[in-house]
Amino acid sequence: MKHLITQGVLGVLTLSIVVISVSSWTSSAARRADAVRSVGEGQKVAVAAVADEGYCSAELKVILRRVLTSCGLIKEGQVSRGCEPLQAKNVAAMSGADFNALFRPLADRAAIIQFDQGKTELDASAIDFLDRTFSDQRGASYFFVVSRASPDGSTETNRTLSEGRANAVLAHLRQRFNDPDLDKEVGLLWLGEEFAQLEDEYCGWKRSRGDQPCSAAELNRSAFIAWIDCRL
Amino acid sequence: MENKAHPALLVLFTVFAAIGVAFTAVSTHDYIAHLDRQVHSVSCSALPGLGTPDSTGESGCYAVMMSPYSALMRDVTWGGIPIALLGLSVFAYLVFLGLSMLLRRAPGRPEEMGYMVAAASLPVLTSIYYWYISVAEIGTVCTNCGGIYLASFGCLGAAIGLFVVARRSPDPERPHGLAWPLYMGQFVLGVVFVFVPLFFYLGIKPMVSTAISRCGELLQPEDKYRIQIPLGGSVGGTPAIEIIDPLCPACKGFKDRLRSSDFDSKLSLTGVLFPLDKTCNWMLSESPHPGACQVSQAVLCAGNNASAVIDWALLNNEKLRALGASDPAKLDATIREQFPAVANCIGKPAVKAQINKSLRWLVANAVPIMTPQLYIRGKRLCAEDSDLGLEFALSQLIAGTSVAARTQEVPQ
């Protein structure tokens, strides 16, 4: 009998040590889990987002939003897209020089696709430039195509010519990249000869005919293309 | 001749059992500490509980603890039932048996000694099984486990010695009769030793069912950019999307963990690339995984062979990351040499645009900037559930149960 009592006490004692230890460790983990949960619910983690570079000033964003809205990028269900010269001028509500100045911060992101006089076809070098520039989207949300024509010929002809150049760029992108977001990303402005002609200073920018002489006339037979790294 | 159990052997038996208690207690403590879903250091020393704790996860003890073999019923309850806890109970019971005999100071009957042999055989058989698992499946043997193996074999050796001594010293006064009642009584006591701590453990342990569904979900999971890549699994399995960086060491660990849990066969797994390399990923100012953009291009270029490229990259992730940081041109050459079929594709605008679309898919879904991530039916597996709680969390997400309605909730 004495042995049974001894054995019973010993058993209870041994078992109790195990149970108390396990219970203590487990309840401690449960308390910590509750504490972590309550802290964790208020925490924010970094999430994937589009780019918003330093040059995206409030002023630039206002202009971009106005251009994008008026030129059919942001509005849903627009059949026609793009802005004609007068429209662009009104929308931008600024001089041609100020309009061009908006794009100065994009020197590293932009390219100038050059065309032959009176032509709207992309040559091999233009296609290569266009492909490389468009595939370097990074976190940008909008791709601007601003096409122009040199002042040779009539205003009407140049307007049509610049529209054709903008559309040639869009058609190539549509065919090459099969991007379902293309219509939401690409904004077209064709300026003809009437608004925001490029000055010689842009000869130093990346051009599809960078190995050829550059004058204002050659520079404006072009489509200026750039991804805009702004979050609107 | 007096038929007494040899005191020295009894002491030896008890000491080995106590050693077993010490090692299993340390392992149990470390395991239970992780039930808060956080990362803790683990003790991995020949002197149980002493020595420098492993806070980097490089020790064998950590690898064994995080393996799917360290617990039972992991798909039923978060973290499951740790084997170490059962081991602790068994060794505590053996300590009790040894002390009980020592305190009794009465003749040891061969039947009792035979029972001790049987009882000590359980940890030995378990040790043999787990040693095999450690070597063959996990590829490492932990120090704590070594201590438990030593204690197991020590107990069995002492018990066999006690049995032999008892058999050689027949006591004419000892009661003769069936040993089964004795065995059954002791067995029931052993069961009590195992189940009472288990009951307390299950009753107190944190329940995390609600937290499992609170780690976010995909907003636009459809593959409109055609950037998702097949990663295997079963054809009719639950649809799952893994966000992966081919040079991410954690992705390699997660892939192995998923495979060893057998849950990969229950999923129809597709991948979305998230290279954590600033050369193509504008969301980063530094590159945690340099070279990941180049390798990601190869993955997309490989088409149906994409998972082979990922497997290769994950296997060699350390070497490839070093190349990506020091010599991107050499990394490019290595990729081309390994996968000649993609040589004409990598670096081209089309595949660069695809990488960008992959990143834009992640933007559209507002996913956290980290890899790996697994989404089951669009719901994210919490990072905290990717080790000890993996099986339970996956079971819950696959079943798609309304976790809020479950009764297994956070205790109030």
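**Close-up views of a predicted two-chain model**

**View 1. Helix 9 and helix 10 of chain B pack against each other.** Helix 9 (residues 292–301) of chain B meets helix 10 (residues 306–315) of chain B at an angle of about 150°, and their axes are 7 Å apart. Axes here are lines fitted to C-alpha atoms, for helices over the stretch in contact, and angles run from 0 to 180 degrees between N-to-C directions. Helix 9 of chain B brings Val295(B), Ala298(B) and Val299(B) to the contact, while helix 10 of chain B brings Ala306(B), Val309(B), Ile310(B) and Ala313(B). Two residues are in contact if their C-beta atoms, placed from the backbone, lie within 7 Å. By class, these contact residues divide into 7 nonpolar, no polar and no charged. Ala, Val, Leu, Ile, Met, Phe, Trp, Tyr, Cys and Pro count as nonpolar, Asp, Glu, Lys and Arg as charged, and the others, Gly among them, as polar.

A word on reading these views: this is a predicted model, where local features need pLDDT of at least 70 and side-chain atom pairs count only at pLDDT 80 or more, while totals for chains, interfaces and linings use all residues. Residues are numbered from 1 along each chain as its sequence is written, and chains are lettered from A and ligands numbered from 1 in the order in which they are written.

**View 2. Chain B meets chain A.** Here 44 residues of chain B are in contact with 37 residues of chain A. On the chain B side, two or more residues come from each of helix 1 (7–33), helix 3 (83–104), helix 6 (180–204) and helix 13 (349–364). Helices (H or I, at least four residues) and strands (E, at least two) are DSSP runs, numbered from the N terminus. Helix 3 of chain B gives the most to this side, with 10 residues. The side of chain B that touches chain A holds 32 nonpolar, 6 polar and 6 charged residues.

**View 3. Chain B has two assigned domains.** Domain 1 spans 7–204 and domain 2 spans 229–405, with bounds from an automatic or database domain assignment. Their C-alpha centres lie 41 Å apart. Where they touch, 10 residues of domain 1 of chain B are in contact with 9 residues of domain 2 of chain B. The domain 1 side of that contact divides into 3 nonpolar, 4 polar and 3 charged residues.

View 4. Most residues other than glycine have a negative phi, and most peptide bonds are trans. Met73(B) counts as exposed, with 12 C-beta neighbours inside 10 Å. A residue is buried if 20 or more other C-beta atoms lie within 10 Å of its own, exposed if 12 or fewer, and partly exposed in between, with C-beta atoms placed from the backbone. With 15 C-beta neighbours inside 10 Å, Arg377(B) counts as partly exposed.
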